[in-house]
Amino acid sequence: SYVIAAEVEAGRIAMDDQVPVSIKAWKTEGSRMFIREGTTVSVEDLIRGIVIQSGNDASVAMAEYIAGDEATFADIMNQVAQQLGMTRSQFRNATGLPDEAHYTTAKDMSILARALIRDYPSHYQIYQEKYFSYNDIRQPNRNRLLWADDSVDGIKTGHTDAAGYCLVASAQRKDMRLISVVMGATSERSRATESQKLLNYGFRYFESLKLYEALE
């Protein structure tokens with residue numbers, strides 16, 4: 001999603017571009033947006049399919065559109081990760097589906113989350129949308145905290161048997177924003193509950209202070 005936002009910002013792709021759906025994208029396992037092979041879907045819809053519906057099929061379609069194939073797109077992801085300082089991450093696909101050489105850390109996910117919010121604020125607005133409909137199928141955002149806490153405006157869930165239930169969350173109260181990362185939880189409820197605990201703790205016991213004014 002960060003790579004897609006960068007491509008849009010640079011003008012290399014546009015939100016109304018029509019992306020062809022390959023057989024590989026259509027057949028990708030896991031959570032789906034339910035795009036159909038042989039059709040085209042707008043970049044804007046695919047972004048929402050990725051962010052809101054966790055669509056692995058949408059992720060593969062966008063990877064192929066940007067880089068030609070998913071493996072090359074994963075190389076781009078790794079390059080961007082290094083530029084952001086994510087030194088303990090290695091990506092092998094665009095979906096997060098299990099691969100022995102595919103890994104990351106909670107710290108690296110927090111670095112990526114901070115960069116997403118900082119670098120592409122207009123793109124980040126999508127992460128707080130609670131529902132998205134495509135192909136007459138309406139799916140809710142899997143981030144339960146969007147319903148439980150009005151200060152939460154993102155970010156992204158994930159789940160595989162290997163990784164457990166994961167959630168990178170962010171909330172803003174007054175002038176303070178916090179990011180939480182929970183990995184390996186045992187259920188959707190657990191990842192939401194533990195994330196809420198972290199955010200509440202941070203807002204209760206920490207504060208943001210301006211140490212210096214910017215130099216003119």
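R173 finds its bridge partner in strand 7, at M176. The model is a predicted one, in which local features need pLDDT of at least 70 and side-chain atom pairs count only at pLDDT 80 or more, while totals for chains, interfaces and linings use all residues. Residues are numbered from 1 along each chain as its sequence is written, and side-chain values use heavy atoms, with hydrogens and water left out.

The sheet itself is open and has 3 strands in the order 5-6-7, paired antiparallel. Strands here are DSSP runs of E with at least two residues, helices are runs of H or I with at least four, and both are numbered from the N terminus; two strands pair if DSSP finds at least two bridges between them. Strand 5 (152-160) and strand 7 (176-185) are the edges, each pairing on one side only.

Strand 6 (residues 164-173) is joined to strand 7 by 8 bridges, and strand 5 and strand 6 also pair over 8 bridges. A handy landmark is V168 in strand 6, which stands opposite K156 and has V181 of strand 7 as a bridge partner. The hairpin of strand 5 and strand 6 has 3 residues between the strands. In the hairpin of strand 6 and strand 7, with 2 residues between the strands, K174 takes a positive phi near 55°.

Strand 6 is largely enclosed by the rest of the structure, because 7 of its 10 residues are buried, meaning under 20% relative accessible area with a 1.4 Å probe, protein chains only. Helix 9 (residues 188-205) packs on the sheet and touches strand 5, strand 6 and strand 7, where contact means heavy atoms within 4.5 Å.

Conventions: Axes are lines fitted to C-alpha atoms, for helices over the stretch in contact, and angles run from 0 to 180 degrees between N-to-C directions. Buried means under 20% relative accessible area, exposed over 50%, partly exposed in between (1.4 Å probe, protein chains only).
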